[in-house]
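Subject: Structure handover

Hello,

Here is the structure you asked for. My notes follow below it.

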Amino acid sequence: MDEVQGKEHHDGQRRKAVDTARPATVAAVVCPVASGGRGEERDREARVAEAVGLARAIDLDVRLAEAVPLRRRTPATLLGKGAVERLQEAVESESIGLVIVDDRLTPVQQRNLEKAWQTKVIDRTGLILEIFGARARTHEGRLQVELAALDYQRGRLVRSWTHLERQRGGFGFLGGPGESQIEIDRRLIGERIVRIKRDLEGVRRTRSVNRAGRRKARLPTVALVGYTNAGKSTLFNRLSGAEVMAKDLLFATLDPTMRAIKLPNGLGCVISDTVGFVSDLPTHLVAAFRATLEEVIEADLIVHVRDISHPDSERQRLDVEAVLRELGVSEEGGIGSAVRPLIEALNKIDALPEEAREALRVRCATGAERARQYPVSAVSGEGVDALLEAVEDYLGRASETREVAVPLSDGATIAWLYRHGEVRSRHDDGELARLTVALDPAAAAQLERRLVEHRPVKH
């Protein structure tokens with residue numbers, strides 16, 4: 001027994017030495033590239049650069065970054081034995097305090113790699129959670145990050161520390177084995193998750209009330225979505241005149257921001273800037289941020305902001321569309337999906353060579369996507385006016401403009417038109433109020449029923 005306790009004490013001292021010998025800000029990034037997997041679908045250099053960018057988003061000093069070929073996924077360590085040993089030497093020589101594996105690690109793989117490299121190891125999901133935790137500013141954002149982190153941690157309570165041993169139940173020596181520490185931790189995490197979900201339900205209700213107020217005020221909503229660092233916040237600032245933080249940094253914006261803007265025809269709409277998406281965004285992260293992303297689900301129009309200068313732009317488009325489908329949003333609809341019109345803002349054309357820029361303009365003006373893709377530069381403002389006109393056109397398609405003659409004595413119907421439609425002009429003629437009003441299809445159908453019900457009966 002003393003020998004076992006001595007070994008545990010020795011292991012604890014060794015772990016403590018490992019934790020303090022190397023500064024946690026010195027990091028290595030390892031990108032496993034599997035044959036026929038995500039590594040081949042995506043540009044390898046772009047993938048390594050993205051992982052390094054994620055690490056630097058929380059001020060890590062990346063000393064080592066490389067793509068590691070992966071013939072097969074080793075159950076114990078994900079990487080092959082040779083790669084683990086080679087990286088162990090690099091970790092030692094560079095005094096690495098943190099290794100980021102740009103893939104999903106099981107709890108066992110994470111623990112085995114930490115033992116092999118004698119340093120802290122996190123996977124892609126853990127890194128994204130760290131970034132979200134550092135970026136969250138509002139109460140809502142912090143709640144959502146905590147929910148995602150607890151859900152992630154709940155599956156990683158592994159029996160690797162002595163404090164997880166079973167606690168004795170009852171009194172004296174007669175009590176049987178009680179609740180283990182790992183069971184206590186899981187129970188406490190479960191209780192905290194329930195409380196956070198209850199708080200977030202209140203957030204959803206508040207957002208629902210706000211959306212109802214905008215609908216009552218006839219303010220359509222336009223949601224900006226896109227891959228992280230595609231320039232959404234810069235474009236948002238250009239359109240709204242706001243000063244949302246916009247940096248060349250992955251996940252620079254986490255908490256959503258909404259502003260009212262004027263379209264070229266003088267009508268108003270609300271534009272929202274949401275958190276950026278990323279490839280392999282964990283499912284529980286999407287679920288945790290559903291209260292925020294409901295602004296996308298309920299938007300009248302979605303503008304997909306793409307970094308057209310990025311070498312992986314097409315693959316990033318597919319990743320964003322996959323997340324939208326997971327949220328239940330698509331242009332085609334389907335079981336459980338909300339149909340939402342979507343246009344693409346091909347951003348950062350200022351970073352393209354002149355020939356490529358001109359070819360893109362021609363393609364968007366004459367190609368199959370000419371009414372759906374709009375080249376823009378959020379930095380210079382080039383193409384932004386055309387994008388706003390497209391937004392105006394798409395929002396206008398949902399409304400039907402018609403002339404309505406209502407007796408002045410029918411004040412209830414006149415008030416109804418102001419509440420449910422956009423009254424563009426009104427002229428009172430004798431006993432009639434003649435209004436030009438824009439109504440969406442549902443409101444137009446309600447108006448027809450209302451006019452029939454209030455039509456005077458001829459004798």
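Start with the strands. β1 and strand β3 (residues 98-101) run parallel, and four bridges join them. Helices (H or I, at least four residues) and strands (E, at least two) are DSSP runs, numbered from the N terminus. Two strands pair if DSSP finds at least two bridges between them. Ala27 has Leu98 as its bridge partner in β3.

Before going on, two notes on the source. This is a predicted model, in which local features need pLDDT of at least 70 and side-chain atom pairs count only at pLDDT 80 or more, while totals for chains, interfaces and linings use all residues. Residues are numbered from 1 along each chain as its sequence is written, and side-chain values use heavy atoms, with hydrogens and water left out.

β1 also pairs with strand β2 (residues 61-70): the two run parallel and are joined by nine bridges. Val33 stands opposite Pro69 in β2. Is β1 (residues 26-34) mostly covered or mostly open? Mostly covered: eight of its nine residues are buried. Here buried means under 20% relative accessible area, exposed over 50%, and partly exposed in between (1.4 Å probe, protein chains only).

**Salt bridges**

How many salt bridges does a search of the whole structure find? The count is 22. A salt bridge is a side-chain nitrogen of Lys or Arg within 4 Å of a carboxyl oxygen of Asp or Glu. Side chains of opposite charge can pair when their charged atoms come close.

Arg357 takes part in two of the contacts picked out here, one with Glu354 and one with Glu382. For Glu354, the closest N and O atoms are 4.0 Å apart. Both residues sit in helix α13 (residues 354-366), three residues apart, about one turn of the helix. Glu354 is partly exposed, at 47% relative accessible area. For Glu382, the closest N and O atoms are 3.8 Å from each other. Arg357 lies in helix α13 and Glu382 in the loop between β14 (373-375) and α14 (384-397), so this pair ties together parts that are 25 residues apart in sequence. Arg357 itself is buried, at 15% relative accessibility. Glu382 is partly exposed, at 27%.

There is also a network of salt bridges. It links Arg306, Glu314, Arg317, Glu321, Glu344 and Arg372.

Arg315 and Asp319 form a salt bridge, at 3.7 Å from N to O. They are four residues apart in helix α12 (residues 313-327), which means about one helical turn separates them. Arg315 is partly exposed, at 23% relative accessibility. Asp319 is buried, at 11%.

The buried residues of α12 include Gln316, Arg317, Val320, Glu321 and Leu324. The length of α12 agrees with expectation: at 1.5 Å a residue, its 15 residues should span 21 Å, and its end C-alpha atoms are 21 Å apart. The expected span of a helix is 1.5 Å times one less than its number of residues. Just after α12, Gly328 takes a positive phi of about 90°.

Pro311 lies in the loop between β10 (301-307) and α12. Pro311 is exposed, with a relative accessible area of 65%. Its C-alpha is 7.1 Å from that of Ala46, although Pro311 and Ala46 are 265 residues apart in sequence.

**Helix α7**

The 16 residues of helix α7 (residues 139-154) should span 22 Å at 1.5 Å a residue; the end C-alpha atoms are 22 Å apart, which agrees. Among the buried residues of α7 are Glu140, Leu143, Leu147, Leu150 and Tyr152.

**Cavities**

The whole structure has three cavities of 30 Å³ or more. On a 1 Å grid over the protein atoms alone, a cavity is a set of points where a 1.4 Å probe fits but cannot get out; lining residues have an atom within 4 Å of a point. Grid points are joined across faces, edges and corners, and a volume is the space filled by probe spheres set on the points.

The second largest cavity has a volume of about 50 Å³. Its lining includes Val222, Leu224, Ile261, Leu387 and Val391. β7 (221-226) and α14 each supply at least two lining residues. The largest share, three residues, comes from α14. By class, the lining has nine nonpolar, no polar and no charged residues. Ala, Val, Leu, Ile, Met, Phe, Trp, Tyr, Cys and Pro count as nonpolar, Asp, Glu, Lys and Arg as charged, and the others, Gly among them, as polar.

Best wishes

Technical notes
On a 1 Å grid over the protein atoms alone, a cavity is a set of points where a 1.4 Å probe fits but cannot get out, and a pocket is an open set with protein on both sides within 12 Å along at least five of seven lines; lining residues have an atom within 4 Å of a point.
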